Amino acid sequence: MELNLAGKTALVTGASKGIGLAITKELVAEGVQVVAGARTVGGELGSLGVETIAVDLSTPNGPADFVTEALERTQGFDILVNNVGAVHPRPGGFASVTDEDWLATWTLDFLSAVRTTRAALPMLLERTGAIVTVCSVNAILPDPLVIDYSAAKAASANFFKALSKEVGLSGVRVNTVSPGPVSTDLWLGKGGVAETVAGDGDPAAVAAKVAAGAVTGRFTTPEEVAALVVFLASDRAGNLTGADIVIDGGMTPTL
Ligand SMILES: NC(=O)c1ccc[n+]([C@@H]2O[C@H](COP(=O)([O-])OP(=O)(O)OC[C@H]3O[C@@H](n4cnc5c(N)ncnc54)[C@H](OP(=O)(O)O)[C@@H]3O)[C@@H](O)[C@H]2O)c1
């Protein structure tokens with residue numbers, strides 16, 4: 001399918017690895033100029049020939065600074081992909097989650113996307129652009145093991161739905177994608193969910209059990225999430241807005 005994205009410009013947050021890196025690569029393959037933000041911007045991201053900005057998006061000014069710098073380096077942009085996020089499993093249960101934990105999760109998994117969107121919206125309105133935000137299946141499958149993350153992602157899905165209504169007539173489209181477990185460092189890497197949940201046990205066994213919870217029997221790949229995000233960012237999804245698209249290998253048991 002021709003996505004007609006060549007010549008467009010996109011901002012991608014959390015782009016140095018995992019889903020954000022896969023989205024960046026997919027956009028580049030479609031001929032999109034990408035401005036990519038993360039705290040560390042060397043490695044594979046640095047080899048892609050995209051504009052990279054080292055930024056901590058959990059700080060109050062990080063998101064706006066990222067957008068300002070992106071505007072200085074480009075002629076403007078058409079697409080915003082809010083992908084940055086992190087999860088910290090809470091094996092100690094709800095009582096173990098401190099105010100500091102709640103605030104850190106809220107800031108990175110919700111507020112950073114709000115702040116980035118606020119800074120980027122004037123340009124997206126000018127260009128009749130699109131916003132795609134990587135949410136999580138935990139927005140609709142709340143899980144006490146990631147109780148703060150689930151709440152922040154639910155807030156994110158809610159916020160972007162509301163925003164889609166405010167800007168709908170302007171032509172700016174606003175959608176979220178909600179992946180189930182994806183094969184990235186967040187789940188499978190050092191200090192990732194599998195290792196944390198396993199404790200002294202076997203992370204591979206934890207991952208295998210979770211994979212078995214999908215009707216496809218496996219994790220989603222970052223590339224599969226990227227393909228969906230890039231489609232939603234394209235004009236081929238021209239009347240698709242205010243949607244949350246679940247990509248979880250059928251893990252969600254209901255319609
Ligand atoms: N993997 C999953 O199973 C899964 C499932 C559902 C939803 N998601 C969501 O998908 C998104 C991406 O997850 P992922 O699995 O690709 O995670 P990941 O592999 O851990 O990558 C996270 C990315 O965010 C960047 N990042 C983290 N904190 C940052 C900060 N404070 N400022 C700027 N950049 C920061 C990281 O780069 P630096 O460390 O260099 O900053 C990295 O590029 C997140 O929103 C996550 O909640 C993931």
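Residues are counted from 1 along each chain, following its sequence as written. Because the model is predicted, local features need pLDDT of at least 70 and side-chain atom pairs count only at pLDDT 80 or more, while totals for chains, interfaces and linings use all residues.

**View 1. α1 against α9.** Helix α9 covers residues 222-233, and its axis and that of α1 come within 8 Å, crossing at roughly 55°. Axes here are lines fitted to C-alpha atoms, for helices over the stretch in contact, with angles from 0 to 180 degrees between N-to-C directions. Helices are DSSP runs of H or I with at least four residues, numbered from the N terminus. The angle makes α1 oblique to α9 (under 35 degrees is roughly parallel, over 145 roughly antiparallel, 65 to 115 roughly perpendicular, and the rest oblique). From α1, the contact uses Gly18, Ile19, Ala22, Ile23, Glu26 and Leu27, and α9 answers with Pro222, Glu223, Val225, Ala226, Ala227, Val229 and Val230 (contact: C-beta atoms, placed from the backbone, within 7 Å). By class, that is ten nonpolar, one polar and two charged residues (nonpolar: Ala, Val, Leu, Ile, Met, Phe, Trp, Tyr, Cys and Pro; charged: Asp, Glu, Lys and Arg; polar: the others, Gly among them).

**View 2. α3 alongside α4.** Helix α3 (residues 62-73) and helix α4 (residues 99-127) have axes that come within 8 Å and cross at roughly 30°. The two are therefore roughly parallel to each other, and α3 passes α4 in a right-handed crossing. Pro63, Ala64, Phe66, Val67 and Leu71 of α3 meet Ser112, Arg115, Thr116, Ala119, Ala120 and Met123 of α4. Sorted by class, this contact has eight nonpolar, two polar and one charged residues.

**View 3. α4 alongside α5.** Here the partner is helix α5 (residues 147-167), whose axis comes within 9 Å of that of α4 and crosses at roughly 20°. So α4 and α5 are roughly parallel to each other, with a right-handed crossing. The residues in contact include Trp102, Trp106 and Phe110 of α4, and Tyr149, Lys153 and Phe159 of α5. The class tally is eleven nonpolar, two polar and four charged.

**View 4. The ligand shell.** Among the 29 residues around the ligand, Gly14, Gly18, Arg39, Gly85 and Leu186 come nearest (a residue is near if its C-beta atom, placed from the backbone, lies within 6 Å). Both α1 (18-29) and α6 (185-188) supply at least two residues each. The shell splits into 15 nonpolar, ten polar and four charged residues. Domains 1 and 2 both give residues to this shell, so the ligand lies between them.

View 5. The chain is divided into domain 1 (9-179 + 221-247) and domain 2 (183-219), with bounds from an automatic or database domain assignment. Their C-alpha centres lie 23 Å apart. Domain 1 puts nine residues into the contact and domain 2 seven. The domain 1 side has six nonpolar, two polar and one charged residues.

Note on methods. Left-handed = near helix turned anticlockwise from the far one by under 90°. Contact = placed C-beta atoms within 7 Å.
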